[in-house]
Amino acid sequence: MGEVRFGVHDIAGVRFAISPLWETVVSFSAVSDPGRYAVHLPWITSVRALREDRALARRTAPLLALTTADPLRADVPGFLTPPPRCPLAEFEEELAILLATGAGPAESAAPAEPAAPAEPAEPAEPAELARLADALSAWWEAAVRPYWPRIRAVLEADIAYRTRQLAEDGIQEVLARLHPALSWTGDRLLSPDLPPAVHDLDGRGLTLAPSAFAVRCHLLTAPGPTPPAVVYPARAVGTLWERRGARGEGLARLLGRSRARLLACTSSPATTTQLAARTGLSLGAVSQHLAVLRDTGLVTSHRYRREVHYATSELGDALLERS
């Protein structure tokens, strides 16, 4: 049983983040173990041929050796998956952090089975780290980036749900309900998935990172002041690879095909750029249609930094269900 112990100031330092680097590393492992990642079989089927491409296989060979060596030990070495530091980090930003810090001391990710605890990962030599970074970049570009808007939408929807829960029930309820394997007791977050030790936050706070490819919870740590992160399986991952066909003809006749399609695509929060990529509409057309949908109360919008995210309202959800 692993424990994360909170101090007086750590609750105020709880935040959410998304890590494209983590998803890239673990998605690579998923292709080698489709039974464990059955929910991702549609994606695995579509990208499995990529692993057989000779050029890509050569570039990703260093990653293959690390992530499939022993399924009873850590899923991936800890230096490959540093804790995310930015709520909406880009893959390239996280890769730069890996290159800057990955050669130093690091702890391993949580063990796959409590009976076989993982040992600390050996630091990577600079040359090895460069090869691993190239392998990660190759896999990201080939297998993850084309699907990232869809994956990110599911992760952002999870965070939106948790923040609403925070507003209604408080942070203790959020921590207690993150995942069935996690429980909140006193000043500690407990889980058999976490490394078997007591991990003090020491005022650094904690990052909570939903994951599409995680099948259990993980603790990511790094030396220095960087807050550790608990990675947990995101909600509604089962909807990730659903075919998104057209909704009922009645809804299309009511709203028009483009607006009906946009409404369906905002069932999870998305920006205008993401919606344009999903629907094939121009950015201008997406903005005009969203303005109409928002004025009629079918979608809502909220701003985070420079991005505006759109999501269906309760009325919009009811209309989609009826259609």
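Strands S7 (residues 218-220) and S8 are joined by three bridges and run antiparallel. The model described here is a predicted one. Within this pairing, leucine 219 has valine 230 of S8 as its bridge partner. Strands of a sheet pair through backbone hydrogen bonds, in either a parallel or an antiparallel sense.

S8 also pairs with strand S6 (residues 206-211), here in the parallel sense and over five bridges. Several residue pairs mark out this pairing. Threonine 207 stands opposite alanine 229 in S8, leucine 208 stands opposite valine 230 in S8, and proline 210 has tyrosine 232 of S8 as its bridge partner. Phenylalanine 16 has leucine 208 of S6 as its bridge partner.

Together these strands make up an open sheet of four strands in the order S2-S6-S8-S7, with mixed pairing. S2 and S7 stand at the edges and have a single partner strand each, so one side of each lacks a neighbour in the sheet. From one strand to the next, the twist averages 25°.

Two helices pack on this sheet. Helix H1 (residues 20-32) touches S6, S7 and S8, and its direction makes about 45° with that of S6. Helix H6 (residues 148-169) touches S2, S6 and S8, and its direction makes about 130° with that of S6.

Strand S8 (residues 229-233) is largely enclosed by the rest of the structure, because five of its five residues are buried. In a regular strand the side chains alternate between the two faces of the sheet. Both faces of S8 are covered, with Ala229, Val231 and Pro233 buried on one side and Val230 and Tyr232 buried on the other. S6 is likewise mostly covered, six of its six residues being buried. On one side of S6 the buried residues are Leu206, Leu208 and Pro210, and on the other they are Thr207, Ala209 and Ser211, so that both faces are covered.

The axes of H1 and helix H2 (residues 41-52) come within 10 Å and cross at roughly 90°. H1 and H2 are therefore roughly perpendicular to each other. From H1, the contact is made by Ser27, Phe28, Ala30, Val31 and Ser32, and from H2 by Trp43, Ile44, Val47, Arg48 and Arg51. Sorted by class, the residues of this contact of H1 with H2 are six nonpolar, two polar and two charged.

Another helix pair is formed by helix H9 (residues 257-265) and helix H11 (residues 283-295), whose axes come within 10 Å and cross at roughly 75°. H9 and H11 are therefore also roughly perpendicular to each other. Ser258, Arg259, Leu262 and Leu263 of H9 meet Val286, His289, Val292 and Leu293 of H11. By class, the contact of H9 with H11 has five nonpolar residues, two polar residues and one charged residue.

Backbone geometry was considered next. Most residues other than glycine have a negative phi. Aspartate 202 has a positive phi, near 55°. Aspartate 202 is found in the loop between strand S5 (198-200) and S6. With a relative accessible area of 64%, aspartate 202 is exposed, because this value lies over 50%. Alanine 236 likewise has a positive phi, near 60°. Alanine 236 lies in the loop between S8 and helix H8 (249-255). The relative accessible area of alanine 236 is 46%, so alanine 236 is partly exposed.

Cysteine residues were also examined. The structure holds zero disulfides. Cysteine 217 has 0% relative accessibility and so counts as buried. Cysteine 265 counts as buried at 13% relative accessibility, because the cut-off is under 20%.

Key
Residues numbered from 1 in each chain as written. Predicted model: local features only at pLDDT ≥ 70, side-chain atom pairs only at ≥ 80, totals over all residues. Heavy atoms only, no water. Disulfide = S-S within 2.5 Å. Buried < 20%, exposed > 50% of the residue type's maximum accessible area, 1.4 Å probe, protein only. Pairing = 2+ DSSP bridges. Axes fitted to C-alpha atoms, helices over the stretch in contact; angles between N-to-C directions. Contact = heavy atoms within 4.5 Å. Parallel < 35°, antiparallel > 145°, perpendicular 65-115°, else oblique. Nonpolar A, V, L, I, M, F, W, Y, C, P; charged D, E, K, R; others polar.
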